[in-house]
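Dear colleague,

Please find the structure we talked about below.

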Amino acid sequence: MSQVQQSVLFRAPRSVVIESAPCPAPGPAQVRIRTEYSAISAGSELLFYRGLAPADLAVDSAIGALAGQASAYPIRYGYACVGIIEAIGPDVAAEWLGRRVFAFHPHSSHFLASPDELIPVPEGIAPTHAALLPNMETADNFVMDGNPVIGERVAVFGLGIVGLLTTALLARFPLEGLWAIDPLSVRRTAAERLGASRTLAPGTEWRDDCDLCYELTGNPDVLNDAIGVTGYGGRIVIGSWYGDKQAPLRLGGAFHRSRIRLL
């Protein structure tokens, strides 16, 4: 019996279907990957699911499998697949066959790629962990964007996967304090395990002179909370993608003279 390829398709706002098609055969310089795990990007995928992604914006021109797609339905999305190479074209070196690899590719049971689009998963790395590579890459970029300095006071708003990974990286710096804010106690507990010096629920009273804040909640209203606790000359890294969501910012009052930088 021939294999069937199943793929996730965002057909319309709040409408997601599984499409089936014959499993593709690799071209001469291609391989076919059988997906083991395909991680969900909860922030951006919820925007597409809810119809809140800007329709005039390309889905992601930096990812070959997504390039050329506008944010108009129907859309294939996803970018964190880990799987096994089960077939290779005649021009591909034999050692690729059977190798576990990571690929930036939409959710699909099987897909084609060229070897130069793949990242081999090292021995000892679980495929579920390998699927988090884009999240770790994002957290790494956020930390470099914020450029934390010895002795600074840093806060992270939002403790989803990216927020927790960002917290874990920041905990390696010699900071005066690392605060982590999220409404869910299970996330706050995880942040404490990863090195946050204090965790808080939103609305808790605390010091308001942070040198560096990260807004990673996906909720534009929280950006005002970050502004409110950032001290003179501080930085706020806006890691959330808000899509079409908007909120008025409080840029009057103390902000006018605070020299806060929004990154």
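Leaving out residues up to four places away in sequence, L178 touches V154, V156, T167, L170, A171, G195, A196, S197 and R198; contact means heavy atoms within 4.5 Å. Before the rest, two remarks on the source: this is a predicted model, in which local features need pLDDT of at least 70 and side-chain atom pairs count only at pLDDT 80 or more, while totals for chains, interfaces and linings use all residues. Residues are numbered from 1 along each chain as its sequence is written, and side-chain values use heavy atoms, with hydrogens and water left out.

L178 is also one of the residues with the most contacts inside the largest nonpolar core, which has 19 residues; V154, V156, L159, L170, A191 and Y214 are listed with it. A nonpolar core here is a set of buried Ala, Val, Leu, Ile, Met, Phe, Trp, Tyr and Cys residues joined through side-chain atoms within 4.5 Å. Buried means under 20% relative accessible area, exposed over 50%, and partly exposed in between (1.4 Å probe, protein chains only). Two or more residues of this core come from each of α3 (133-146), β8, α4 (161-170), β9 (177-181), α5 (185-193) and β11. Helices (H or I, at least four residues) and strands (E, at least two) are DSSP runs, numbered from the N terminus. Another core, of 17 residues, lies apart from this one and includes A155, F157, W206 and V229.

**Strand β8**

In β8, 5 of 5 residues are buried. R153, A155 and F157 cover one side, V154 and V156 the other, and all are buried. In a regular strand the side chains alternate between the two faces of the sheet. β8 pairs with β9 in the parallel sense over 5 bridges, where pairing requires that DSSP finds at least two bridges between two strands. The bridge partner of F157 in β9 is I181.

**Aromatic pairs**

The whole structure holds 6 aromatic pairs. Rings of Phe, Tyr and Trp (its six-membered ring) pair if their centres lie within 6.5 Å; planes under 30 degrees apart count as stacked, over 60 as edge-to-face and the rest as tilted. F102 and F104 form an edge-to-face pair, 4.9 Å centre to centre and with 85 degrees between the planes. F102 is buried at a relative accessible area of 1%, while F104 is partly exposed at 27%. F157 and W206 make a tilted pair, 6.4 Å centre to centre with 55 degrees between the planes. F157 lies in β8 (residues 153-157) and W206 in the loop between β10 (198-200) and β11 (210-215), so this pair ties together parts that are 49 residues apart in sequence. Both F157 and W206 are buried. F48, Y77, Y79 and W241 form one aromatic cluster.

**The open sheet**

An open sheet of 5 strands runs in the order β6-β3-β4-β5-β7, with antiparallel pairing. β6 (110-113) and β7 (118-120) are at the edges with a single partner strand each, so one side of each has no neighbour in the sheet. Strand β3 (residues 31-38) pairs with β6 in the antiparallel sense over 4 bridges, and R34 stands opposite H110 in β6.

**L263**

L263 lies in the segment after β13 (261-262) and is partly exposed, with a relative accessible area of 43%. Not counting residues up to four places away in sequence, L263 touches D145, R235, I236, V237 and I238.

Regards
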